[in-house]
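Here are a few notes to read with the model open. Have a look at it first, then go through the points.

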Amino acid sequence: MVLVSAVRDYVNRMLQDISGMKVLILDSQTVSIVSVVYSQSELLQKEVFLVELIDSISKSKESMSHLKAVYFLRPTSENIQHMRRQLSNPRFGEYHLFFSNMLKDTQIHLLADSDEQEVVQQLQEFYADFIAVDPYHFTLNMPSNHHYMLPAVVDPSSLQHFCDRAVDGIGALFLALKRRPIIRYSRTSDIAKRIAQETAKLMYQQESGLFDFRRMEMSPLLLIVDRRDDPVTPLLNQWTYQAMVHELIGIQDNKVDLRSISNLPKDQQEVVLSSEQDAFFQANMYENFGDIGMNIKRMVDDFQQVAKSNQNIQTIEDMAKFVDNYPEYRKMHGNVSKHVTLVTEMSKIVEERKLMLVSETEQELACNGGQVAAFEAVTNLLNNESISDIDRLRLVMLYALRYEKESPVQLMQLFNKLASRSAKYKPGLVQFLLKQAGVDKRTSDLYGNRDLLNIARNMARGLKGVENVYTQHQPLLFQTMESITKGRLRDVDYPYVGNHFQQGRPQEVVVFIVGGTTYEESRSVALQNASNSGIRFILGGSAVLNSKRFLKDLEEAQRIARTSSSVV
């Protein structure tokens with residue numbers, strides 16, 4: 001519960017010592033930080049009767065002197081300006097100011113100067129400048145996530161802004177954990193190196209005193225890597241529950257928007273998927289799709305016995321009907337109806353897009369060699385009328401990443417076929433992906449071609465038979481964690497920053513992926529942590545990706561790269 005608990009503790013401390021009716025005022029980022037760890041009903045228990053955004057509260061003039069205002073904001077210059085205006089003409093009886101990261105001295109002076117009526121009761125830094133989506137997984141929700149793919153010369157100030165936000169988030173995380181790490185980064189990534197160096201500068205120079213915690217026997221490790229080292233994972237369809245919901249429907253701050261589904265009752269148009277608040281989800285978030293259906297059926301069967309109903313439930317549609325027919329069931333198990341709705345919707349999408357067919361080929365491309373068979377399988381799917389444009393594009397990308405050096409002629413044939421079959425196909429997007437994340441750009445050996453151990457492992461896996469053809473892929477992160485656990489992470493591939501080196505195995509590791517994480521990777525981390533290797537891993541990144549988001553970032557980077565090259 002490490003990350004979620006850390007942020008919850010901060011929110012508790014903000015709210016519990018201030019008695020009476022309160023209004024909680026957040027900004028567009030802290031609203032996400034709070035909402036993933038605290039429910040509406042919990043806020044009400046703390047006497048928070050109103051939650052407002054700082055820019056909308058700025059527009060209101062009405063006096064609310066009976067309320068105490070609790071502000072929780074990122075320390076941006078924009079928020080400081082909002083605060084100054086609000087303090088110069090106070091509407092609330094008391095002001096309690098909390099910032100999610102370090103304030104500059106100048107910012108503190110500006111706020112003090114604006115508080116002429118002395119309404120500010122306290123001002124504190126609470127280091128919760130990251131969104132704790134799961135106990136071992138955080139994100140920074142960076143809107144301009146495509147910046148990591150662009151060379152520094154294209155837009156230096158936006159890139160600096162991107163790096164600053166990453167450094168802020170990582171810095172706050174380690175302050176919340178009360179640790180100062182040894183830092184390493186991916187050798188081939190300029191942006192990973194830059195973020196690593198700026199983080200080291202923050203922790204060992206600029207704010208050295210703040211990070212001077214009690215020395216541990218073994219310092220934690222912060223490893224900063226680049227999404228482009230593993231472009232395969234965000235391109236694959238997913239078949240475990242949490243990852244699949246994000247891939248097919250989308251999850252934002254642990255909420256799933258279901259408004260596009262017709263005839264859903266109002267209370268189910270947005271549902272929360274949180275391992276902290278939902279025991280069924282916690283037990284099933286990493287299970288594969290086939291097992292989820294069975295587990296939901298078991299839950300429905302349990303209730304049927306209570307309801308003395310003996311309808312014969314065989315299909316997902318039967319389950320959905322059953323839930324509709326029993327309003328008291330929804331009251332007792334709003335939770336179950338939520339999961340039935342999600343599984344029903346995902347089953348429809350899988351059927352419409354023929355994803356079982358598509359996914360089998362994707363997994364073969366990601367996990368097994370065999371270029372001739374792969375070319376034939378991708379060609380057949382490109383010709384299949386039932387396959388959607390986005391699935392065609394992903395298949396060609398996966399083939400290109402795998403066989404870019406081996407079959408340039410076939411690759412051109414697939415490019416041409418893709419362009420003729422899919423009107424939406426963005427010309428050159430696959431080539432842009434290869435330029436960004438092709439074999440020459442990657443730090444590690446993504447397909448295990450050069451590593452005899454991996455070749456042996458793949459052969460053994462092939463012989464034993466894989467338990468599930470749809471979930472055989474392991475993200476690169478899995479191998480990275482294995483290397484760290486065995487003390488084999490190569491210095492030449494992952495250099496240290498400064499003269500802080502590590503002898504022996506760390507007990508805590510934070511892996512930050514510039515460009516974003518996936519739920520498949522967070523599942524790998526959770527399973528690794530459950531394996532009792534003696535090392536606790538935490539995963540974080542600039543965004544949480546599914547294939548749509550990854551492709552959108554790629555398109556945006558391609559568009560900017562084109563525009564800037566035509567200007568030159």
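1. Rings of Phe, Tyr and Trp (its six-membered ring) pair if their centres lie within 6.5 Å; planes under 30 degrees apart count as stacked, over 60 as edge-to-face and the rest as tilted. On that basis, Tyr10, Phe98 and Phe126 are joined by ring pairs into a cluster.

2. Keep in mind that this is a predicted model, with local features needing pLDDT of at least 70, side-chain atom pairs counting only at pLDDT 80 or more, and totals for chains, interfaces and linings using all residues. Numbering starts from 1 along each chain as its sequence is written, and side-chain values use heavy atoms, leaving out hydrogens and water.

3. The whole structure has 11 aromatic pairs. One of them is tilted: phenylalanine 138 with phenylalanine 512, at 6.2 Å centre to centre and 35 degrees between the planes. Phenylalanine 138 sits in strand β7 (residues 137-139) and phenylalanine 512 in strand β12 (residues 508-514), so to speak distant parts of the chain, 374 residues apart; strands here are DSSP runs (E, at least two residues), as are helices (H or I, at least four), numbered from the N terminus.

4. Buried means under 20% relative accessible area, exposed over 50%, partly exposed in between (1.4 Å probe, protein chains only).

5. Now helix α17 (residues 389-403): 13 of its 15 residues are buried, so the rest of the structure largely encloses it.
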